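Please view the structure before reading on.

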Amino acid sequence: MVLTGGSAFGLATADGVMSWLEESGIGHPTGSGVVPIVPAAVIFDLSPSVARPGAEAGRAACDAAIEDDIATGTVGAGAGATVGKWAGREYAATGGLGIASAHSGALRVAAIAVVNAVGDVVGGDGSILRGTSNPAPTYQRPAPAEHPPANTVLALVATQGGLDKREVRFLAARGSDGITISIRPAHTRYDGDVVFAVAAPGPRLTDGDVDVLGHLATEAVAAAIREAVSGP
């Protein structure tokens with residue numbers, strides 16, 4: 001799974017990830033060899049000061065993968081992310097990349113989010129954690145309605161358990177609810193939000209467990225979005 005910056009140019013990172021996986025023998029087996037399947041999504045952050053990651057960056061990310069804690073904030077895919085653009089893009093604040101998890105008993109969901117939204121990031125009490133700096137904010141349409149979205153929140157939720165595709169899709173939808181409660185306004189016509197979900201193999205879960213995982217997915221994505229802007 002690739003989440004990146006660099007607008008459409010940044011999608012080249014997936015090529016580096018694919019080649020790394022092929023060399024490692026990881027992917028979908030076919031009669032002609034292993035074919036890695038690498039879903040990818042990108043934020044629109046074109047700026048002279050923001051790099052356009054390519055295939056070499058994708059390979060480097062694979063080589064650098066660790067199980068320890070990693071940096072969050074204005075790093076990686078979140079380096080050029082911004083939020084708080086609803087009252088004028090010139091009053092935008094920095095967004096970022098965040099990671100969080102939520103658990104209930106033995107059930108656990110982890111989430112990573114790249115936050116490049118039109119709206120402000122808000123806490124659980126509704127307070128603004130990071131948002132517009134306009135001293136007298138009034139809503140301004142970010143772009144003509146016919147233009148494609150140039151803002152987005154990318155998120156991935158991950159868990160372990162014997163889930164089918166329908167249930168994993170349910171987790172992605174509940175992860176999207178995490179955007180709704182942590183960004184204001186959320187899911188505008190100028191946001192191209194996308195949430196992925198994956199489930200590592202594990203014991204078959206009950207319907208009740210799947211419902212709990214859905215709640216945890218909402219909590220984890222909301223927490224990851226807030227973590228993305230928790231730094232200075």
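Ala, Val, Leu, Ile, Met, Phe, Trp, Tyr, Cys and Pro count here as nonpolar, Asp, Glu, Lys and Arg as charged, and the others, Gly among them, as polar. The model is predicted, with local features needing pLDDT of at least 70 and side-chain atom pairs counting only at pLDDT 80 or more, while totals for chains, interfaces and linings use all residues. Residues are numbered from 1 along each chain as its sequence is written, and side-chain values use heavy atoms, with hydrogens and water left out.

A pocket is an open set of points on a 1 Å grid over the protein atoms alone, where a 1.4 Å probe fits, with protein on both sides within 12 Å along at least five of seven lines; lining residues have an atom within 4 Å of a point. Volume is the space filled by probe spheres set on the points, which are joined across faces, edges and corners.

| Largest | about 1600 Å³ | 35 nonpolar, nine polar, four charged residues |

Of the 48 residues lining the largest pocket, Met1, Leu3, Ala61, Ile70 and Ile112 are the closest to its centre. The lining of the second largest pocket includes Arg108, Val109 and Ala110.

Val157 is in contact (heavy atoms within 4.5 Å) with residues including Val109 and Ala110, leaving aside its neighbours within four places in sequence.
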